[in-house]
Amino acid sequence: MNPRIAAATALLALAGTAFAQGPKTLEVIAFGGGGNWPIWAAEDKGLFAKSGLAVKLSFTPNSVEQIRNLMSGKYDLGTTAYDNVVAYQEGQGETELPTQPDLFAFMGGYSGSLRFVTRPDIKTYAALKGKTVGVDAATTGFAFILYKLAAMNGLSMSDYQIEKLGGTPARVQALMEGRIAGTMISSPSELLPESKGFTRLGDTTTTFGPYQASIGVARRAWAEKHGEELVAFIRAYVAAMDWLQDPANKDEAISIYTKYIPAAPRPAAQKAYEIMFSAKEGFQKKAKIDLEGCRTVLKLRSEFAKPQKNLTDPAKYIDESYYARALR
């Protein structure tokens, strides 16, 4: 079948999933930045509405608040690091939760696309000695990538200080204001500091290969009661991803990006598209979780997390049954 005809057929199929009783509201919590591109596209192209959903997207300042609010029921689902799901399920999270978490990953988001960026004057890992680096949380997310990159280049954790600053937007701001020496940055947010001469010291994909960075997350108890809404969300999200990855839609996709990130000039948005829709990393086709990338996450967590555990089964934190239903 012609790809464009197939895409149109998929969009029509979405219309048939709308619930007769009207749109269901979903409260979604995510980190700010370009990683929300598929959600913005699904909203602007009417894909959520055609799936019977009204999606309200909110941004979290940090992963601790995100997980707490998911567990409290303030939000229905979100996008976060696969590592965050593992951390809290294994009792290795940044904060204690009042109840045992039942979080799981239901789809992929993006792979790799994580850069270790430092101030312009810091060109080597050795120059980080005695300096402060920023993280979202010290024991979850992408902090372990930073620790491993530093260790591979001769630095122990006693050689530098850690400051917990929250999500990528806050860390980029701190970096550019000179308050920290370096931080891990989720693409495409590295574009601004690198355009100003900041240094890219490390790159996740180049160093570690596949790395499952972002995933869709929900509570198992919520999903059991709201399976139809979750399936509809996944279906619309995947349709948006398909639409974004069609070269014929590139110009409109870039316009959507600049609409939601108005501070980004169009050339920066074009570069963001090239980064996030590259062959080796970035947004995952069909939002499919990469188990090999999940294993990379588990290896790093097994090395650095406390209490120490040897984690080897990525499927323990994943339930793709809703994803499978969405793609039927």
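Where is the place of proline 188? The points below take up this residue and then other parts of the structure.

1. The model is a predicted one, in which local features need pLDDT of at least 70 and side-chain atom pairs count only at pLDDT 80 or more, while totals for chains, interfaces and linings use all residues. Residues are numbered from 1 along each chain as its sequence is written, and side-chain values use heavy atoms, with hydrogens and water left out.

2. Proline 188 sits in the loop between β8 and α8, where helices (H or I, at least four residues) and strands (E, at least two) are DSSP runs numbered from the N terminus. The peptide bond that leads from serine 187 to proline 188 is cis, with omega near 5°. A cis bond also joins lysine 306 to proline 307, with omega near -5°, and proline 307 lies in the loop between α14 (291–304) and α15 (321–326).

3. Serine 113, in the loop between β4 and β5 (114–118), has a positive phi near 60° although the residue is not glycine. Serine 113 counts as buried because its relative accessibility is 0%, buried being under 20% relative accessible area, exposed over 50% and partly exposed in between, with a 1.4 Å probe and protein chains only. Alanine 287 has a positive phi of about 55°, lies in the loop between β11 (282–283) and α14, and is buried with a relative accessible area of 0%.

4. Aspartate 203 belongs to strand β9 (residues 199–203) and is buried, with a relative accessible area of 10%. Its side chain reaches the backbone nitrogen of threonine 206 at 3.0 Å. When residues up to four places away in sequence are not counted, aspartate 203 touches Leu114 and Arg115, contact meaning heavy atoms within 4.5 Å.

5. Helix α2 (residues 37–44) is mostly covered, since six of its eight residues are buried; among them are Trp37, Ile39 and Trp40. Just after α2, glycine 46 takes a positive phi of about 75°.

6. In the largest nonpolar core, which has 99 residues, Trp37, Tyr82 and Phe233 touch the most other members; such a core is a set of buried Ala, Val, Leu, Ile, Met, Phe, Trp, Tyr and Cys residues joined through side-chain atoms within 4.5 Å. Helix α11 (residues 227–244) gives the most to this core, with 13 residues. Leaving aside neighbours within four places in sequence, phenylalanine 233 is in contact with residues including Leu26, Phe48, Leu77 and Met107.

7. The structure holds one cavity of 30 Å³ or more, and the volume of the largest cavity is about 380 Å³. A cavity is, on a 1 Å grid over the protein atoms alone, a set of points where a 1.4 Å probe fits but cannot get out, whereas a pocket is an open set with protein on both sides within 12 Å along at least five of seven lines, and lining residues have an atom within 4 Å of a point. Of the 32 residues that line the largest cavity, Phe31, Tyr110, Phe142, Thr168 and Ser186 lie nearest its centre. By class, this lining has eleven nonpolar, 19 polar and two charged residues.

8. The second largest pocket holds about 470 Å³ of space, and 20 residues line this pocket, with Ser189, Leu192, Tyr257, Ile261 and Ala264 nearest its centre. Helices α7 (168–176), α8 (191–195) and α12 (250–260) each supply at least two residues of its lining.

Terms used. Polar contact = N/O pair within 3.5 Å; in protein donor to acceptor, adjacent residues only side chain to side chain. Points joined across faces, edges and corners; volume = space filled by probe spheres on them. Nonpolar A, V, L, I, M, F, W, Y, C, P; charged D, E, K, R; others polar.
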